Amino acid sequence: MNRLQNQAATGKRISQLDDDPSVMRQVLDLQTQDSQIAQYRKNIASLQTLANSTYNAMSGLQTISARAGEIATLANGARSPQELTAYAIEVNQLIQQGVQLMNSSGQGGHIFGGTQTTQPPFVATTDADGNVTGVTYQGNESVPAAEIAAGAPVSVQTPGANTSGSGPTGLITDSRNGADFFNHLIALQNHLRAGDTASISSADIPALAKDEDNITSQIAQNGLIQSHLSVADSLASTQSLSVKQTISENSDADLAQTLTQLSATQTAYQVALQSGAKLLSQSQSLLNYLT
Amino acid sequence: MLNLGARSLQTQQQGVEVAGHNLANASNPAYSRQRLEIQASTPLSTSIGPVGTGADAVAIRQLRDTLLDQQIQGETSVISFLQSQQTALQYAEAGIGEQLQGAGSTGDVGSPGGLASDLSGLFNAFQDMSTAPSSMTGRQAVISQAQQLTTQFNQLDQRITSINGQLNQSVQTDVGSANQLLSDIAGLNHQIAGAEAGTGAANDLRDLRQQKIESLSQLVNVQVSTDAVGGASLSIGGQLLVSGGTVQDTLETYDSGGGQLLVRTAGAGIPLTPAGGSIAGTIDARDGALKSLHDGLNTLATQIISQVNTAYRAGYDLNGNTGADFFTGTNASDMGVNAALVNDPASLQASGVAGAAGDNQVVLALGQMANAAQAGLGNQTFAQSYNGTITGLGTALASVNTQLDDEQSVQSMLQTQRNSVSGVSVDEEMTNLVMFQRAFQASAHLVSVVDQMLGIVVSLGQ
């Protein structure tokens, strides 16, 4: 009866190791699996936050790139030197904005430096007038991956630059597709300052187009990764539910059945007590009848 | 004829005494009821043929079924064997402390704070850290989980060792009790031989001796054989321990290595492996299920330490150092977390290359280790190995529980049978008492009738 009372109180058919050892083992394994799935979902949530931050920065970069392209197109021979200088100043500011965006940080440090997260990925060198003369990349080309399911590591980061010719595509600079955004912007700035509209249309406009293509394709990839994460998360959620259900089927007590059994056992116990009491109270023995 | 009357009075009086003795012992569980055997006395031959001369009480017989006694003895040994195993395994189960939580639990593995939960917590912490390897929070979480795990291993190991010690202690105590019973039984053999040297059976001493033999059967499985003078010879595993009134040999414990006690004869030093009784049951549980549990735990701890350390040593910490260990110690009893790590979370070697704080290759590999089949654990993961070890104990305990239930129902049937043969029924004894009382009255009346008749004969001569 104790066992039944325990089952009714805890709602579990098996709770101790010896109640049903083989089922217990299965349940423990399932619980471990469930705990892992919960962790993978946490990982996915972290990665989603990171992917979001990455997207925001890339989106800002895209705006800069669009404006730079606009300026490059507008800077034809019909502009006056003052207008060109004004454009140059604007491009300078665009470069600095870009560098700032590229140096954004997430939970684990800078997000565009590859695995080099402790120092800012991009450093701009300026001359005495405050014009940017060069931007150097201090990061590397490897990106960290985290698991979203068993044996499924996923990376959501992009290195700022990749000049090695292999590995993840760099956001600003990549030797394979000719993107080199900051340098092209600096070149544009210099050409504007020098009034060299010919070079702008022959060299800068195509160069900036390559950069814009690169950034757009990176944004598209980010979108794909984010949807991948979201699918993985809902898959994990379904899996977790299914595992929990199996655990419940194996280890939970059917309350209706348990309570019925408990009630029947209690009644039997009461009957035994009562009949015992009757026997004792009516103790018939020979002694009652002798003298 | 007066003589006949006198002897009859004596006989009925003895009958009343026996009935009274039975009644007095009605609630003595070791007592078996006694019967007065009355026989007609030797007839006198006369001219008209043999004439009866009354009755004599020839013996007081005990109603006892020796076959039932032997069976009950055997059952007692078996039940004691199973009960001592059950107790030992229940201690171990309580020591492990893994229970499934009731409805409303939030994804715990086993008991919250238990080893299964800590194991899964550590690898989850590695996974968590892999998403932000340079973050101090993640590092501290890993270190704290690791400490919980090692503490849990240490505590579990300690509990099992202490249960082991308790079991050894109980073997020691039981052997002492068994030796005391051996000398008691030898003493009773001597007394019985003395009391039965004349005629008749020493019923009460025999009852007492049977009780002692049954107590001894609880401790250790004995083979009993009766000798010519009614003494019970006891032997265990073929070694004669009690013969007649002398104790030939006693039991002692000896250390079979590592403080584990086994039993042997004290004189000849021959090791004994009894098949029943609580001594054998305790030893069996200690060297069987408990040892498997302890070994399984130690193997798991050793594997975790070596696998984690191997992967970890290749990593680089935030200051570019490498080569340190994550876990210290060699098995469950001395497992610990590297003190340097505890003091400085930055020294956790998570990166696969020097100088790249965002690199998480080592900590990712550590997180992935949770699902890796370990060759040293029979191609199971760490969690599977632990779950298998503890459910092994659960299986052993469940099996003992079932067997014990079976044996206990057999035992209660045998005892009911024995009670029906040897137990005292108050009603029956009361009836006998009345019968002997009336017979006594009748015999007294016979004496007075004969006396009257003789008085008439004597007064004839006046």
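Predicted model: local features only at pLDDT ≥ 70, side-chain atom pairs only at ≥ 80, totals over all residues.

User: How many residues of chain A are in contact with chain B, and how many of chain B take part?

Analyst: A contact is counted when C-beta atoms, placed from the backbone, lie within 7 Å. Here, 47 residues of chain A contact 48 residues of chain B.

User: Which element supplies the largest share of the side of chain A that touches chain B?

Analyst: H2(A) does, with 17 residues. Helix H2 (21-74), strand E5 (146-149) and helix H7 (286-289) of chain A each contribute at least two residues to that side. Its composition is 16 nonpolar, 23 polar and eight charged residues.

User: How should I read the pairing of helices H1 and H6 of chain A?

Analyst: One considers the distance, the angle and the handedness in turn. The axes of H1 (residues 2-10) and H6 (residues 255-281) of chain A come within 9 Å and cross at roughly 145°; the crossing is left-handed. H1(A) contributes Leu4(A), Gln5(A), Gln7(A) and Ala8(A), while residues of H6(A) in the contact include Leu255(A), Leu259(A) and Leu262(A). The contact holds five nonpolar, five polar and no charged residues.

User: What separates the two domains of chain B, and where do they touch?

Analyst: Domain 1 covers 1-63 + 424-462 and domain 2 covers 64-408. Their centres, taken over C-alpha atoms, are 65 Å apart. Eight residues of domain 1 contact nine of domain 2. On the domain 1 side, strand E4 (residues 55-62) of chain B gives the most, three residues; that side has five nonpolar, three polar and no charged residues.

Terms used
Residues numbered from 1 in each chain as written. Chains lettered and ligands numbered in written order. Helix = DSSP H or I, 4+ residues; strand = E, 2+ residues; numbered from the N terminus. Nonpolar A, V, L, I, M, F, W, Y, C, P; charged D, E, K, R; others polar. Axes fitted to C-alpha atoms, helices over the stretch in contact; angles between N-to-C directions. Left-handed = near helix turned anticlockwise from the far one by under 90°. Domains from an automatic or database assignment.
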